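I opened this model to look up side-chain contacts. My notes follow, by type of contact.

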Amino acid sequence: MRFLILLIAAVLFAKDVTLQFNWLPQFEFAGYIIAKEKGFYKKEGLNVKFLYYNPKITVMDAVKSKKADFGIEEIDVFEKYLKGESFKAVAAIFQDSPHALMSIKEYNITNLTDLKNKKLALKYGKKIPVGIQLMLLSNGLKLSDFKLYPVTFNIDNLINKKYDAITVYISNEPFLLKQKGYTPVIFSPKDYGFHFYSGIIFTTNEYLSNNPETVRKFVKATFKGWKWAFSHIDETVDLIYKKYNLLHKTKDALKFEADVLKRLAGKNMGKISEERLEEICNYYKLLGIKVKKDIKNFIYNPQKVNLTEAERNYLKTHNTVKICIDPNWPPIEYYENGRVKGIAQDVLKIIAEKLNVRFKIVNTNSWKESVEFFKEGKCQMLAEAVKTKEREKFAYFTKPYLRYKMAFITRQNVPFIGSIKDVSDKIMAREENSALIAILKEKYPYIKILKTKTTLDAFKAVADGRAYYTLAILPVASYINYKYLLNLHIAGYSDISYDISMAVNKKYPYLFSAVSKALDTIEPSTVEPITKKYMYSVISQVDYKLIIIVVSVFGLLIVFLYYRHFLLKKMNKSLEKEVKKAVFEKLKALYIDSVTGCFSKIKMKEDKNSEKYIIILNIKNFSKINSVYGFATGDKVLKVVCDRLKRIKQNVYRLDADEFIIFSDDYKKDIKKINEIFDKEIRVGGFYFKLSFYFGITQNDADFLRHLTVAVKKAKADLIEYYFYKEEDKGMHGFFKFNKYLSNAVKKEEGYSIEPYFQGIYSHKSGKIEKYEALARLIVKDKVYTPYYFIDIAKTSGFITDLTNIMIDKSMKCAKECDFDVSINLTEEDFLRNNLIDFIVEKTQKYNLKPSQITFEILENIANRQMNVINDKLKTLKKLGFKIAIDDFGVENSNFEKVADLEIDYVKIDGKYIKNIHNDEKLQIIVESIVYFAHKLDIKVIAEFVENEEIDNILKRLNVDFSQGYLYSKPHKKDKHAKEN
């Protein structure tokens with residue numbers, strides 16, 4: 001009976017809403033049809049009427065003229081907005097447009113260029129779909145290249161060769177063409193990188209401002225309808241076929257349409273991103289369409305308060321609102337150390353921020369006095385109040401933002417209470433002027449009430465026996481038991497729902513409507529943690545007294561497990577569940593990475609993973625993604641990485657920034673799988689990324705984190721895909737060992753030496769290797785170590801000068817014997833020694849070399865430190881005829897003015913700009929800029945890390961002078977270089 005009454009009320013008081021379709025009903029409108037047929041709109045208090053396509057009025061004109069409240073449109077509504085119309089998009093059901101061009105395979109049309117000079121039916125009046133225009137332009141085709149005709153969705157015109165291609169919806173016409181035995185050829189803008197929203201639900205700003213709650217409810221019910229439709233396609237198709245099939249489609253056609261549209265809706269169904277609109281806006285500009293409006297204001301934000309002009313003007317001139325509170329109703333509202341606190345106040349702060357107003361507390365001594373002040377107009381608002389018939393005479397009430405069942409609070413020896421009737425002969429204590437008293441008196445005239453000054457007094461009356469029970473909501477009961485240890489418990493719950501709203505004096509209707517709208521934008525998920533904060537606030541103070549309090553509070557229901565009544569046991573289990581949920585949320589914050597959803601470093605340390613190996617993944621060039629595309633995009637990229645890695649391993653851990661860890665029994669197999677799943681580019685916020693990784697691998701042992709750090713660093717330094725941590729890589733053990741190796745090499749102990757290995761530098765102009773860079777190698781018996789292992793140790797141990805001297809001597813000797821020009825690296829420590837120039841001149845003369853045969857390479861950052869000393873020595877070397885190269889150019893804050901002052905001969909572009917240049921146009925632009933400025937200063941440019949012909953061809957096109965890398969020469973001893981010539 002009660003349900004029937006509610007149903008009748010919902011029908012009688014439902015708000016009428018009209019929705020204008022942009023075509024006749026088919027699966028394209030399934031979500032709205034389901035929301036209507038399944039009662040989702042009715043449940044939200046909406047009576048939705050559909051208006052079907054009418055050729056006499058456009059959808060946008062229908063909404064603009066208020067003949068419809070909402071409309072469904074293509075991306076054209078955004079274009080109209082940009083030109084000045086006051087539209088607001090509340091959702092985009094389809095993330096890609098179904099608009100496309102269709103031809104027939106049998107016509108030998110397989111790509112867009114085959115359509116040149118053909119007959120195309122794609123004009124909507126004077127307009128042509130923007131996506132199709134861009135698709136054609138991107139393939140070098142102009143509209144003037146075709147014979148254009150008005151759009152037709154009649155595929156017979158295509159079959160009969162009246163047109164060579166027509167505009168279609170990929171959810172409809174391809175199916176019909178296949179049914180007639182032809183093979184459709186589809187050219188869809190989305191397949192060419194042009195992504196336009198479709199099925200956009202929109203309204204006007206005016207309607208949104210006047211009906212924010214209606215818009216919110218309509219969107220909520222519509223989303224529910226679409227989710228149901230896509231989850232129950234067969235049932236939805238049957239419904240449309242039987243009741244809405246004005247187009248006389250077959251069930252198979254509707255099913256085909258459903259499958260296509262589900263793919264177009266995708267995982268982000270309904271969402272509209274500012275980044276995507278910015279991209280579309282740029283497309284419009286490209287096509288010469290003028291843009292007048294800010295993109296942000298087009299997107300409906302349910303968190304934003306949409307005020308009318310009258311409401312905005314009122315708040316602008318009345319931005320201080322006087323408010324009365326209940327000073328003694330913790331934790332809803334109360335004073336603590338002279339400050340107002342409580343759940344209501346925290347919600348009020350959110351409203352103040354949303355409305356840009358200041359709430360000023362009017363001090364009162366009791367709730368009774370606050371209500372009197374409010375009634376007299378001394379304050380305009382009550383932050384918390386329960387609606388009664390008496391109060392409605394002088395106050396407007398917002399929708400409830402807190403809702404609780406009233407609990408029976410009694411002494412410990414009182415058994416279960418199921419309803420007010422069970423205690424009809426008992427005395428209840430309650431704070432005077434409480435709305436509950438009026439509610440109870442109306443419903444239970446016989447009830448006996450002891451009125452107290454405050455809520456705490458009511459609890460004390462129960463504790464000392466003056467009253468048998470009091471009724472209170474759970475937060476209040478919890479707080480008072482935490483604070484005062486009254487040894488009370490919850491004996492059961494009543495059927496009374498205590499709905500707490502905000503109240504505004506009827507003298508201030510604009511204030512009321514503004515506050516109501518602000519409150520409507522606050523989701524329950526926002527209020528819930530506020531409530532929990534006060535429920536659990538004492539726990540966080542961690543002292544024994546509070547622990548006892550916490551146990552007693554949460555034990556209020558748990559102790560009832562010892563009583564005989566089943567319902568009471570059920571309630572206790574519910575409370576236990578809430579406690580466990582709170583604990584879970586805290587653990588989740590510790591164990592789940594908030595950005596990616598992967599497990600955290602803390603969780604990794606606690607997990608007992610038995611796999612033999614551990615793999616660390618470092619995303620190549622991730623810092624560039626953050627710096628170029630922004631941290632928000634970077635975070636989304638990390639989320640995608642985590643999600644893809646979970647396809648391989650259930651447990652994926654995020655270590656730091658751009659590094660992830662997985663455990664493995666077969667690291668080679670897992671690395672191969674990772675490379676395979678990231679072989680395809682990822683799309684994030686309108687941008688495309690091709691990700692690759694450096695991998696570090698180690699055995700699963702106690703010190704694995706340090707080992708992984710060393711391993712991945714080694715992989716990055718040597719530009720190799722992965723590196724397996726070895727025993728000699730260990731921290732101090734490695735330091736002592738390589739310290740000894742260096743000492744032996746400097747002393748020329750048998751089996752130890754420093755040797756130059758040479759890598760050729762290829763000239764694009766001459767087509768041959770013109771000189772070599774000398775690269776230091778530490779030889780220990782039959783093993784060869786790169787600088788990764790020893791260069792830092794050489795610097796910290798004081799061997800760097802000896803190492804440089806050996807390299808200069810041996811490199812010049814080899815250059816003389818084998819007759820080639822050589823580049824030798826100098827460090828900052830070398831420049832700070834007094835005899836550097838003398839040593840270089842001495843060795844040059846010893847081997848009878850011309851200074852012009854020798855190039856000294858310095859790191860870019862060296863020239864930025866100790867500038868006077870280093871610059872003077874560089875200029876001396878230049879005067880003597882030696883050449884100077886800046887190595888790793890681009891790593892630091894590159895400054896061509898400093899380069900010009902130093903009279904540099906070469907700049908060597910850092911490998912980070914070269915390794916992926918064939919996959920990133922931005923890198924090509926950077927390199928092209930460096931080449932341009934270098935050549936203007938008469939400086940030659942060398943590119944390092946040239947590993948394949950594709951990279952080298954790009955460098956040639958960009959006028960880079962030299963290439964250095966594995967493509968032309970691997971580092972080798974002097975006796976091998978002759979083979980390269």
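**Aromatic pairs**

I searched the whole structure for aromatic pairs and got 51. For Phe, Tyr and Trp (its six-membered ring), I count a pair if the ring centres lie within 6.5 Å; planes under 30 degrees apart are stacked, over 60 edge-to-face, and the rest tilted. The model is predicted, so local features need pLDDT of at least 70 and side-chain atom pairs count only at pLDDT 80 or more, while totals for chains, interfaces and linings use all residues. Residues are numbered from 1 along each chain as its sequence is written, and side-chain values use heavy atoms, with hydrogens and water left out.

I looked up F194 and Y283. Their ring centres are 5.3 Å apart and the planes stand at 70°, so I logged the pair as edge-to-face. F194 lies in the loop between β9 (184-187) and β10 (198-204), and Y283 lies in helix α13 (residues 274-286), so the pair ties together parts 89 residues apart in sequence. Helices (H or I, at least four residues) and strands (E, at least two) are DSSP runs, numbered from the N terminus. F194 is buried at 12% relative accessible area, and Y283 is buried at 14%. My cut-offs are under 20% relative accessible area for buried, over 50% for exposed, and partly exposed in between (1.4 Å probe, protein chains only).

Next I took Y762 and Y968. The ring centres are 3.9 Å apart with planes at 5°, so this pair is stacked. Y762 sits in strand β30 (residues 752-763) and Y968 in the loop between β38 (962-964) and α38 (974-980), which puts the partners 206 residues apart. Y762 has 14% relative accessibility and counts as buried, whereas Y968, at 22%, is partly exposed.

I also noted one aromatic cluster, formed by F21, F27, F29, Y32, F50, Y52, F94, W226 and F230.

**Charges over rings**

F50 came up again here: the charged end of K36 sits over its ring, 5.3 Å from the centre. The charged end of K620 sits over the ring of Y694, 4.7 Å from the centre. The test is NZ of Lys or CZ of Arg within 6 Å of the ring centre and within 35 degrees of the ring normal.

**Salt bridges**

I found 38 salt bridges in the structure. Each is a side-chain nitrogen of Lys or Arg within 4 Å of a carboxyl oxygen of Asp or Glu.

I checked D259 and K255, whose closest N and O atoms are 3.2 Å apart. The two residues are four apart in helix α12 (residues 251-265), so about one helical turn separates them. D259 is partly exposed at 28% relative accessible area, and K255 is partly exposed at 31% relative accessibility.

K533 and D346 also form a salt bridge, at 2.7 Å from N to O. K533 is in helix α21 (residues 524-536) and D346 in helix α15 (residues 343-355), so the bridge ties together parts 187 residues apart in sequence. I have K533 as partly exposed, at 45%, and D346 as buried, at 12%.

For E442 and K389 the bridge is 3.5 Å, N to O. E442 is in helix α17 (residues 435-443), and K389 is in the loop between β16 (381-385) and β17 (395-397), 53 residues away. E442 is exposed at 56%, and K389 is exposed at 61%. I then traced a network in which salt bridges with shared partners join D76, E79, K83 and K127.

**Cysteines**

The structure holds two disulfides, counted where a pair of cysteine sulfur atoms lies within 2.5 Å. In the disulfide of C324 and C379 the sulfur atoms are 2.2 Å apart. The torsion about this S-S bond is about -115°, so I logged C324 and C379 as left-handed. C324 is in strand β11 (residues 320-324) and C379 in the loop between α16 (367-376) and β16, so the bond ties together parts 55 residues apart in sequence. Both C324 and C379 are buried.

C598 is joined to C642, S to S 1.9 Å. Here the torsion is about 125°, so the disulfide of C598 and C642 is right-handed. C598 lies in the loop between α23 (566-591) and α24 (601-606), and C642 lies in helix α26 (residues 631-645), 44 residues apart. C598 is buried at 0% relative accessible area, and C642 is buried at 0% relative accessibility.
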